[in-house]
Amino acid sequence: MARIENQKLKLVYLMQILEEKTDETHPLSTQQLIEELEKVGIQAERKSIYRDMDMLTEFGMDIIKTKGRAGGYYLASRRFELAELKLLVDAVQASKFITTKKSRELIGKLESLCSKNEGKLLHRQVVVTNRNKTVNESIYYSVDMVYNAIASNQCVRFQYFDWSIEREMKLRHGGKYYEVSPWLLTWDDENYYLIAYDMERRMIRHYRVDKMLHISVTEQKREGRELFENFDIAAYSRKTFGMFAGEEETVTLLCEEHLTGVIVDRFGSEAALRREDVCHITARVHVAVSRQFFGWVTGLGNAVKIISPQRVVWQYQNFLRSVLKGYEGTKRLEEEKPNRLKDAEFKEKMPGGFQGAEVSESNVREAAKEQGMESGENSKGL
């Protein structure tokens, strides 16, 4: 009876065999298809295989038959091409907010969308271990819940945490629950963010989804619709460095011309650029002034200078002073190393023993190397 039931599933099994075991470089001959069917208890003849292939082709499957000794049938096209699956695998691996465990699960599911032989090619490029991944396994359900809240026009409630020095989750504000109106989810700086309206502070705020815990949808309807009617999420991300909030300003930067591409990449093609002289341009950009913005400017060195507004110039100067102040009183590494070795040290370190007061510079250098001192500036004057 079981064999008869299996015969009724013959076409279904053929579809599965074609999807899992064939591709352009791995066709299956008619005899191989018969043998695969026998493994699940289905008897087939060559003529029936021909008819089945015609029926599956008429159904819409892109089945190609190749001729020759190594010829056979294979599934030529699928819902996802191998190149597309490779892109998706790369995206999963690069996503910090997806945990290592979930990354492996998702990649395994992506591998099932191609043949097993092609799946091996995907698996070879998988490198998940030791990547900087989140540990919040509930993030996927949090994202789903936020989308449901947006679709139903309801608020969300959650707790928010930071990491402690012991690498433990420490709830902000003593575990107080946040309640906000969710409007958008965005991907920025390798993290997932919720863009929401904070009813208590009456302003737009953003939250990292992987730091949201115990999220739930409330009965309260969302507020702040008027602020999001013409909201440009791309512009918001460009002016908010690292998604750190700050006072919004239109800032003018004096830049060396070779940084034009850097400015356009950071602020978009709508950034107002003007040639200042043969070597410099000015750029008027909209930013949220924060330490992260100042850090970005500092990272470009003297190739970029904030020239207006003056209050932002002063803020940046104060930022630099505060950074330098943190290094005041710190001895330079070179200053901690002695410029000369004591006579007693020479007795132990000099090759061939201590030869008196007259010591050659080459010997001192050799001893200095043994002492771990670098040649160059640290050895001058020896």
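Biologist: pLDDT is the predictor's confidence in each residue, from 0 to 100; what is the mean pLDDT of the protein?
Modeller: The mean is 79, and 77% of the residues reach 70 or more. This is a predicted model, in which local features need pLDDT of at least 70 and side-chain atom pairs count only at 80 or more, while totals for chains, interfaces and linings use all residues. Residues are numbered from 1 along each chain as its sequence is written, and side-chain values use heavy atoms, without hydrogens and water.

Biologist: Over which residues is the pLDDT below 50?
Modeller: Residues 339-344 are one such stretch, and residues 346-382 are another.

Biologist: How many contacts do these stretches have beyond near neighbours in sequence?
Modeller: In the model, residues 339-344 have eight contacts (heavy atoms within 4.5 Å). The stretch 346-382 has 33.

Biologist: Turning to helices, how do α12 and α13 cross?
Modeller: The axes (lines fitted to C-alpha atoms over the stretch in contact) of α12, residues 291-299, and α13, residues 310-325, come within 11 Å and cross at roughly 80°. Both are DSSP runs (H or I, at least four residues), numbered from the N terminus.

Biologist: What does that make them relative to each other?
Modeller: α12 and α13 are therefore roughly perpendicular (65 to 115 degrees, on a scale from 0 to 180 between N-to-C directions).

Biologist: Which residues make the contact?
Modeller: Helix α12 contributes R291, F294, G295, V297 and T298, and helix α13 contributes V312, Q315, Y316, F319 and L320.

Biologist: And how do they divide by class?
Modeller: Six residues of this contact are nonpolar (Ala, Val, Leu, Ile, Met, Phe, Trp, Tyr, Cys or Pro), one is charged (Asp, Glu, Lys or Arg), and three are polar (the others, Gly among them).

Notes
Helix = DSSP H or I, 4+ residues; strand = E, 2+ residues; numbered from the N terminus. Parallel < 35°, antiparallel > 145°, perpendicular 65-115°, else oblique.
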